[in-house]
Every structure is written in structure tokens, then in C-alpha cells.
Amino acid sequence: MLNLQNEAYVSSARMLMKTLQVICVPHIITAIARSRDFLVLYSDGLQECSEWSSPQTIVHFIASELAKGVDLGVIADELVNRAVDTGSEDNVSCLILLFQ
């Protein structure tokens, strides 16, 4: 079991954050969502796929699949599977939320 109170662990975690320049300050925006708008969250491994090289291509693909009536889970699976099948070496995950 990981003990977060352990001084050695805390010290090494701080050093790692400084070394990797990891931050924990989120970028937050506020927006008003309309019915049928969607939000997509994905790991950077998804963009290692040349087909999904930009956020715009990902959004366009999702919008076109939604217009055809394709299930959100199927769309997310397709994005992830294409990235993995084309050689993404990073972790690949995708979550799509559809506002009603």
C-alpha cells in the first residue's frame, strides 16, 4: 500500500514533478452547451495516429459519425482502435460526452 505521508515518497514525487515539469493547475473554461453538442476527452496517444493528427480531425470524425447515428461507444472505440492499429506507442484513451 502506498503511504503518501512517507517523507521519502513525497520528496521523490516533488523531484519528479520538477524534473518532468508536470503541473497540477488545470486550464478551466466555462461554456454553454446546446443539445447535441459533445465534449471529447482523450489522451495524447490518440494524436500519434496520423489520421487524428489534430483536434479538428477528431471533432470532424465524431460529428460525422454522430450524424449517421453511430453509438458514442462505437465512435470512441474506432478512434482508439485506429490509433493503436497504426502504431501509437503511447497510452490511448477516449471519452465522448453528448449533451442532451
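The model is predicted, with local features requiring pLDDT of at least 70, side-chain atom pairs pLDDT 80 or more, and totals for chains, interfaces and linings using all residues. Residues are numbered from 1 along each chain as its sequence is written, and side-chain values use heavy atoms, without hydrogens and water.

Ser43 belongs to the loop between β1 (38-42) and α2 (55-67); helices (H or I, at least four residues) and strands (E, at least two) are DSSP runs numbered from the N terminus. With 12% relative accessibility, Ser43 is buried (under 20% relative accessible area; exposed is over 50%, partly exposed in between; 1.4 Å probe, protein chains only). Beyond its neighbours within four places in sequence, Ser43 is in contact (heavy atoms within 4.5 Å) with Asn91, Val92 and Ser93.

The largest nonpolar core has 16 residues, of which Leu46, Trp52, Ile62, Ile75, Leu79, Cys94 and Ile96 touch the most other members; such a core is a set of buried Ala, Val, Leu, Ile, Met, Phe, Trp, Tyr and Cys residues joined through side-chain atoms within 4.5 Å. At least two residues of this core come from each of α2, α3 (72-85) and β2 (94-98), and α3 gives the largest share, five residues. Apart from its neighbours within four places in sequence, Ile75 contacts Phe61, Ile62, Glu65, Leu66, Val70 and Ile96.
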